[in-house]
Amino acid sequence: MSAFQPSKLGTKEHWDGVYNEEMKNFEEIGDEGEIWFGEDSMEKMVQWSLRNAPPSRRVLEVGSGNGLLLCELAKNGYDPSRLSGIDYSPGSITLSRQVAKSRGFDGITFRLCDFLSEDLLPISDMQEEGSVWDLLLDKGTFDAIALAEKDIFGQSPSDIYPARVSRLLRPGGLFLITSCNFTEEELKSKFLVVGTGLIYHSRIQHKTYSYGGKSGSVCSSVAFQKSV
């Protein structure tokens with residue numbers, strides 16, 4: 001199992017600075033910001049979603065950043081009103097709303113929320129069903145959380161995360177995560193634990209490389225399903 005030392009990449013202050021700077025760049029030159037893990041990984045997540053979660057489904061991205069992944073889903077036929085993103089950085093929410101509006105997808109909902117400590121209230125079309133989702137997406141958020149400091153009880157935020165994911169999924173719902181810090185097997189060991197009700201669903205194949213007689217990929221994408 002990968003063991004990471006706490007880093008500034010796991011702090012809210014770091015990401016507030018990143019998104020405040022990206023918001024300035026967007027306002028000045030129209031730069032939408034970085035695509036985490038590149039366009040290819042984002043496209044693969046979109047194509048996987050289209051195959052496994054029809055565009056009529058409710059989708060939540062945890063740690064939505066600049067909102068580009070959700071915009072790509074909308075571009076590929078997902079109803080913007082059923083797409084939502086949450087982030088704990090106010091600058092991220094401001095940027096993602098502006099990016100979505102510039103692309104004609106201002107129906108996507110972006111809300112400020114600390115996923116690990118705050119309950120996510122249902123949006124208007126979910127009042128009857130409660131705050132549960134058909135598909136949750138994570139592209140790099142778990143990586144950043146794994147670099148955060150432990151709490152006063154010595155618990156790592158990355159150990160809290162899987163149960164929070166499970167709470168927001170409807171029975172049968174899907175969770176797709178892409179990581180550059182964890183291998184496929186490490187992600188399985190993190191999320192296939194007692195209490196989450198998650199089971200392995202599928203994976204996305206990424207480009208591989210070989211070095212020193214060993215092979216690997218630049219990132220890992222694994223999908224889990226909540227037991228019915």
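**Notebook: loop, helices, sheet and cores**

I began with E32, which sits in the loop between α1 (12-29) and α2 (38-52). The model is a predicted one. I looked up what the E32 side chain meets: it joins the side chain of R103 through a polar contact of 2.9 Å. E32 touches E22, F26, N66, L68, L95, V99, S102 and R103.

**Helix α1**

Next I went back to the helix before that loop. I checked its length against 1.5 Å a residue. The 18 residues of α1 should span 26 Å, and the end C-alpha atoms are 25 Å apart, so the two agree. After α1 comes G30, and I noted its positive phi, near 75°.

Which residues of α1 are buried? I found H14, W15, D16, Y19, E22, M23 and F26. Two of these, E22 and F26, are also on the contact list of E32. The buried residues of α1 pack against α4 (90-102) and α5 (141-145).

**D16**

What does the side chain of D16 make a polar contact with? I found the side chain of S89, at 2.9 Å. Leaving out residues up to four places away in sequence, D16 touches S89 and P90. I also looked at G91, which is 75 residues from D16 along the chain; their C-alpha atoms are separated by 6.0 Å.

**The sheet**

I traced the strands next. Seven of them form an open sheet with mixed pairing, in the order β3-β2-β1-β4-β5-β9-β6. The edge strands are β3 (109-112) and β6 (198-204), each pairing on one side only. From one strand to the next the twist averages 20°.

I picked one pair to follow. β1 and β2 (residues 83-87) pair in the parallel sense over four bridges. Within that pair, V62 has I86 in β2 as its bridge partner.

Then I looked for helices on the sheet. α6 packs on it and touches β1, β4, β5 and β9; the direction of α6 makes about 135° with that of β5. α7 packs on the sheet as well, touching β5, β6 and β9, and its direction makes about 25° with that of β9.

**Helix α6**

I repeated the length check here. With 12 residues (157-168) at 1.5 Å each, α6 should span 16 Å; its end C-alpha atoms are 17 Å apart, which agrees. I listed its buried residues: P157, S158, Y161, P162, R164, V165, S166 and L168. They pack against β1 (59-62), β4, α5, β5, α7 (184-191) and β9 (220-226).

**Nonpolar cores**

Last, I looked up the cores. The largest nonpolar core has 32 residues, and V59, L73, L83, I108 and L137 touch the most other members. Elements giving two or more residues to this core are α1, α2, α3 (68-75), α4, β4 (133-139) and β5 (169-179). Which element gives the most? I found α3, with six residues.

I took I108 as an example. Aside from neighbours within four places in sequence, I108 is in contact with L70, C71, A74, P80 and L83. Another core lies apart from the largest one; it has 23 residues, among them C113, W133, F175 and I177.

How values were computed
Residues are numbered from 1 along each chain as its sequence is written. This is a predicted model: local features need pLDDT of at least 70, side-chain atom pairs count only at pLDDT 80 or more; totals for chains, interfaces and linings use all residues. Side-chain values use heavy atoms; hydrogens and water are left out. A polar contact is a pair of N or O atoms within 3.5 Å; within protein, one must be able to donate a hydrogen and the other to accept it, and residues adjacent in sequence count only if both atoms are side-chain atoms. Contact means heavy atoms within 4.5 Å. A nonpolar core is a set of buried Ala, Val, Leu, Ile, Met, Phe, Trp, Tyr and Cys residues joined through side-chain atoms within 4.5 Å. Buried means under 20% relative accessible area, exposed over 50%, partly exposed in between (1.4 Å probe, protein chains only). The expected span of a helix is 1.5 Å times one less than its number of residues. Two strands pair if DSSP finds at least two bridges between them. Axes are lines fitted to C-alpha atoms, for helices over the stretch in contact, and angles run from 0 to 180 degrees between N-to-C directions.
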